[in-house]
Amino acid sequence: MQFRYRETNNHEKKTAKDSGIALFHQSDWYNSQALLKVAAESGDSTAQYYLAEAIRLSNRYTTAEAKKWYEAAAEQGSLYAMLRLSNEEDLCGAMGTCSGKTAAEWREQVLEKANELAEKGDTEAMTVLFTAGQGLSWLEKAAEAGDSYAQQLLASAYKSGAGWFLIPGSREKAIIKWFKASSEGGNPRGMFLYANYLYDYNGSKEDIAYWVKKAAEHSHIDAVGTYAYKVSDPSNELGYPENLAEAYGLTLLLSKLEAGTAPEDANRLLPELEKKMSPE
C-alpha cells in the first residue's frame with residue numbers, strides 16, 4: 001500500500017506525536033487519534049503504529065482503518081506493527097474483512113526481520129521475538145544487553161513463573177535484579193513495579209518510597225496517584241512528610257484525565273483533601 005503523506009513542519013509533527021502518545025498512555029484512545037493522525041499522515045511510523053492501536057482499542061477489533069495504519073508502519077519496518085498484523089485471532093480476520101497479506105504471511109515476515117535484527121544486537125527485535133513466542137531466551141538476551149523495557153518484562157515474566165530456578169530464593173533475587181536494573185535504566189513502569197514488589201516482600205521502606213516518588217516524577221499515572229495519596233496522610237507507612245498542597249495539585253491533575261480509572265479515584269479523593277485544607 002502506497003501513501004501520499006502530507007507535508008507537516010517538524011515542530012508540529014513532534015508536538016502532535018508526543019501529545020498523542022501521552023494521551024494514548026493515559027488510555028485515552030479517542031482524543032489521541034486526531035493528534036497521532038497529524039504525525040501519521042506526515043509519514044512517522046511510530047505515530048502510525050500508535051494510531052492503529054488507538055483505533056483498534058477504541059473499536060475493540062482491527063478495523064480497515066486500523067489495518068491501513070498498521071500496514072503503513074510495517075512497510076517502514078515497524079516490528080510491532082508487523083506483529084499485530086500477524087495475529088490470526090483478530091476479529092477482522094475472522095469476519096473476512098481483512099485484505100492484503102494474510103496473518104501467516106505477516107508472521108513469516110516479522111520473524112524473518114526480527115531474527116535478522118536480533119542477530120545484530122537489536123534489543124527491540126529480541127523482545128518482539130519473545131512476544132511472538134520464540135522463547136524466553138530472547139528476552140533474557142535483551143535484558144542482559146541493557147534494554148530497560150526488556151528488563152521490566154523479564155522481571156514480570158519471572159514473577160509470573162517463567163523460567164527455571166533450582167536454588168531456593170534464586171527466582172526472587174532475579175526478579176529484584178531485573179526490576180532494579182529496569183528502574184535504574186529509567187523505565188517508569190519498572191520503577192513502580194519494583195516498588196510494589198519490594199512492598200509485597202518486606203523490602204526497605206526507604207527504597208519503596210524512593211521508587212514510588214521516582215516513578216511519579218516520570219509521569220507513571222498509578223505512581224502519581226499513590227504518591228499523592230501517601231503525602232495526604234501524615235501517618236503514611238512510607239515516611240513521606242505531609243504535603244496537602246502537593247497532594248491536592250497532583251490529584252486535581254489526575255482528575256482532568258479523559259480516560260482510565262485515575263479520574264474516578266481522583267474525584268473521590270478531592271473532597272476529602274479539601275476538608276483537611278485551609279483556604280490558603
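Aspartate 44 is buried, at a relative accessible area of 12%, where buried stands for under 20%, exposed for over 50% and partly exposed for whatever falls in between (1.4 Å probe, protein chains only). This is a predicted model, in which local features need pLDDT of at least 70 and side-chain atom pairs count only at pLDDT 80 or more, while totals for chains, interfaces and linings use all residues. Residues are numbered from 1 along each chain as its sequence is written, and side-chain values use heavy atoms, with hydrogens and water left out.

The partner of aspartate 44 is lysine 17: the two form a salt bridge with the closest N and O atoms 3.2 Å apart. Aspartate 44 sits in the loop between α2 (31-41) and α3 (45-59), while lysine 17 belongs to helix α1 (residues 10-25), so the pair ties together parts that are 27 residues apart in sequence. Lysine 17 counts as buried too, with 18% relative accessibility. For the criterion, a salt bridge is a side-chain nitrogen of Lys or Arg within 4 Å of a carboxyl oxygen of Asp or Glu.

## Other salt bridges

In total, the structure holds nine salt bridges. Side chains of opposite charge can pair when their charged atoms come close. Take lysine 67 and glutamate 71, whose closest N and O atoms are 2.6 Å apart. These two are four residues apart in helix α4 (residues 64-75), which means that about one helical turn separates them. Both lysine 67 and glutamate 71 are buried.

Glutamate 116 pairs with lysine 120 in another salt bridge, this time with the closest N and O atoms at 3.8 Å. Here glutamate 116 is partly exposed at 38% relative accessibility, and lysine 120 is exposed at 66%. There's also a network of salt bridges, which links Glu53, Arg56 and Arg84.

Aspartate 28 lies in the loop between α1 and α2 and is buried, with a relative accessible area of 3%. Its side chain makes a polar contact of 3.0 Å with that of asparagine 31; the term covers a pair of N or O atoms within 3.5 Å, where within protein one must be able to donate a hydrogen and the other to accept it, and residues adjacent in sequence count only if both atoms are side-chain atoms. Setting aside neighbours within four places in sequence, aspartate 28 is in contact with Leu23, Glu258 and Ala259, contact being heavy atoms within 4.5 Å.

Serine 27 is found in that loop between α1 and α2 as well. Its phi is near 65°, a positive value in a residue other than glycine, and serine 27 is partly exposed at 31% relative accessible area. Most residues other than glycine have a negative phi. Arginine 60 also has a positive phi, about 70°, without being a glycine. You'll find arginine 60 in the loop between α3 and α4, exposed with a relative accessible area of 78%.

## Helix α15

Which residues of α15 are buried? They are Leu244, Ala247, Thr251, Leu254 and Ser255. They cover an arc of only 100° around the axis, which puts them on the same side of α15; the arc is that of the directions from the helix axis to the C-beta atoms. On the other side of α15, Ala245 and Leu253 are exposed. The buried residues of α15 pack against α14 (221-231) and α16 (262-276).

## The whole chain

Overall, the protein comes to 16 helices and zero strands. Its C-alpha trace spans about 60 × 50 × 35 Å along the principal axes, and 43% of the 280 residues count as buried.

Among contacts between residues at least 6 apart in sequence, 47% join residues at least 24 apart. The protein exposes about 15,400 Å², with carbon and sulfur atoms supplying 50% of it; the areas come from the Shrake-Rupley method with a 1.4 Å probe, and for residues only the protein chains shown count as cover.
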